[in-house]
Amino acid sequence: MAKRPTIIDVARHAGLSKSTVSLVLQNSPLVKQETRKRVEQSMQALNYVYNRAAANLRGAEAGLIGLVINDLRNPFFAEFAASAQMTFAEHGFATVIANTDEDIAIQDQVIASMVEHGVSALIMSPAYGDDGAVFERIARAGIPALQVLRMANADTARFPFASLDYEAGSIAAARHLVEIGAKDIAFVGGLPDRAVTHERMAGYRAVIAETGAEPFTLLGRPTRAFGRDAALKLSRDHRKLDAVLCFNDLVALGMLSGFAETGVAVGRDIALIGFDDIEECALAFPKLSSVHCDIGAFGRNAAATMLAWLETGARPPEKAYSPVTLTVRDTSGAG
C-alpha cells in the first residue's frame with residue numbers, strides 16, 4: 001500500500017514551508033491567492049486529503065505561535081512579549097508564552113512541548129549556554145524560528161536574529177555624560193560572559209578611549225539588588241565618580257536607591273543613566289535618564305516579520321538592528 005501523503009510532502013512539492021501550507025489549510029486570510037493556488041495544485045497532484053477533524057484533535061497545528069522569553073520578570077522583556085502577542089492576536093494567531101528564567105533545561109523542556117503541540121513558528125529571546133540541541137530540534141521540526149534581543153546560535157542563516165543597536169545607544173549615553181562635564185565615568189551591571197554585556201559596554205569603552213581616561217567597570221547580575229549593592233560599595237570605597245552608565249534600568253533604579261541611602265544626590269553629586277527606558281524611568285524620583293529602545297515597537301515589528309515569513313515563505317534578513325535614542329531626564333542634567 002502506498003504511503004499516504006503528508007502536509008510535509010505537500011510543502012516540498014509546492015516549494016513552500018510547512019507553516020505556509022498549514023495556513024492555506026486553515027483558510028488564513030494572510031495567504032496570497034497565488035500561494036493558495038500552488039498549494040491546492042500540489043494537493044491535487046499528490047492526492048492529499050486534509051483531515052480537519054484530526055487536525056482539530058491535535059490542537060490545530062497552524063495559528064499558534066510560541067514565544068520563549070529568558071526573563072519575564074524584567075519589564076523590558078515583558079513589554080516585548082505583550083506587544084508581540086497582541087500583534088499576533090490582531091492577525092488571528094494564538095500565542096503561548098514561556099518564561100525560561102535563564103535556565104537552558106527549562107528552555108529545552110518548553111520548546112520540546114511547543115514543537116509537540118504543533119506551533120507554527122517560534123520567537124525566542126534565548127537563554128545562554130545551550131549546546132545546540134534545542135536549535136537542532138527546531139530545525140528538524142521545520143519550524144521558522146527568530147532569535148530576538150540576544151543571539152544564542154550563530155547560524156543566522158537558519159535562525160535569523162533581530163535586536164536593537166545597543167552599541168549606538170551606549171555611545172550616545174557616554175558622549176552625553178562627557179558633554180555635561182563628567183570625567184570619571186563607570187559602567188555598572190551585566191554579566192561578563194554575555195555578548196549583550198559587551199555590546200552595551202562597547203560604546204562606553206570607545207568614548208572613554210577618545211577622552212584618554214581609564215574605563216572603570218563593575219559587573220554583576222542585572223538586577224535592582226545588584227545596583228543597590230554597587231552604589232553602597234562605591235560610596236563605601238569613596239570612589240569619586242562623576243557619572244555611571246548602567247547595563248539596564250533595573251541596575252540604575254537599584255543604584256538610585258543605594259545612593260539615596262548614603263546621601264549621594266543623583267543628578268547633582270553624580271550623573272546616572274539607565275538602558276532600555278522602561279516605564280518606571282519617567283516615574284522615578286529623580287526621573288531617570290535612559291537609552292530608549294522602544295521595545296513595544298520592536299515587539300510589534302518582530303511579530304510582523306514572523307507573520308510575513310509564514311505568509312510568503314521569505315526569510316527575514318540574517319541580522320537586523322533597530323535604532324535607539326537617548327532620553328535625558330533629571331539624573332543627567334535635564335533638570
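Q: How many strands form the open sheet, and in what order do they stand?
A: Strands are DSSP E runs of at least two residues, and helices are H or I runs of at least four, both numbered from the N terminus. Two strands pair if DSSP finds at least two bridges between them. In this predicted model, six strands form an open sheet in the order 7-6-8-9-10-12, with mixed pairing. This is a prediction, so local features need pLDDT of at least 70, side-chain atom pairs count only at pLDDT 80 or more, and totals for chains, interfaces and linings use all residues. Residues are numbered from 1 along each chain as its sequence is written, and side-chain values use heavy atoms, leaving out hydrogens and water.

Q: Which strands stand at the edges?
A: Strand 7 (216–218) and strand 12 (325–327) do. Each has a single partner strand, so one side of each is left without a neighbour in the sheet. The twist averages 20° from one strand to the next.

Q: In what sense do strand 6 and strand 7 pair?
A: Strand 6 (residues 185–188) pairs with strand 7 in the parallel sense, over three bridges. Look for phenylalanine 187: it stands opposite threonine 217 in strand 7.

Q: Which helix packs on the sheet?
A: Contact means heavy atoms within 4.5 Å. Axes are lines fitted to C-alpha atoms, for helices over the stretch in contact, and angles run from 0 to 180 degrees between N-to-C directions. Here helix 8 (residues 166–179) packs on the sheet. Helix 8 touches strand 6, strand 8 (243–246), strand 9, strand 10 (289–292) and strand 12. Its direction makes about 165° with that of strand 9.

Q: How many residues are in the largest nonpolar core?
A: Buried means under 20% relative accessible area, exposed over 50%, and partly exposed in between (1.4 Å probe, protein chains only). A nonpolar core is a set of buried Ala, Val, Leu, Ile, Met, Phe, Trp, Tyr and Cys residues joined through side-chain atoms within 4.5 Å. The largest one here has 83 residues, and Leu149 and Met255 have the most contacts inside it. Helix 12 (residues 295–312) gives the most to this core, with eight residues. Apart from it lies another core, of 15 residues, including Phe135 and Ile143.

Q: How many salt bridges does the structure hold?
A: A salt bridge is a side-chain nitrogen of Lys or Arg within 4 Å of a carboxyl oxygen of Asp or Glu. The structure holds 15. In one of them, arginine 200 meets aspartate 276, with the closest N and O atoms 2.6 Å apart. Arginine 200 lies in helix 9 (residues 195–211) and aspartate 276 in strand 9 (residues 271–276), so the pair ties together parts 76 residues apart in sequence.

Q: Are arginine 200 and aspartate 276 buried or exposed?
A: Both are buried. Now take arginine 268 and aspartate 269, whose side chains meet in a salt bridge (3.1 Å, N to O). Arginine 268 counts as exposed, at 67% relative accessibility. Aspartate 269 is partly exposed, at 39%.

Q: Where is glutamine 147 found, and what does its side chain meet?
A: A polar contact is a pair of N or O atoms within 3.5 Å; within protein, one must be able to donate a hydrogen and the other to accept it, and residues adjacent in sequence count only if both atoms are side-chain atoms. Glutamine 147 is found in strand 4. Glutamine 147 counts as buried, at 0% relative accessibility. A polar atom of its side chain lies 3.0 Å from the backbone oxygen of phenylalanine 159.
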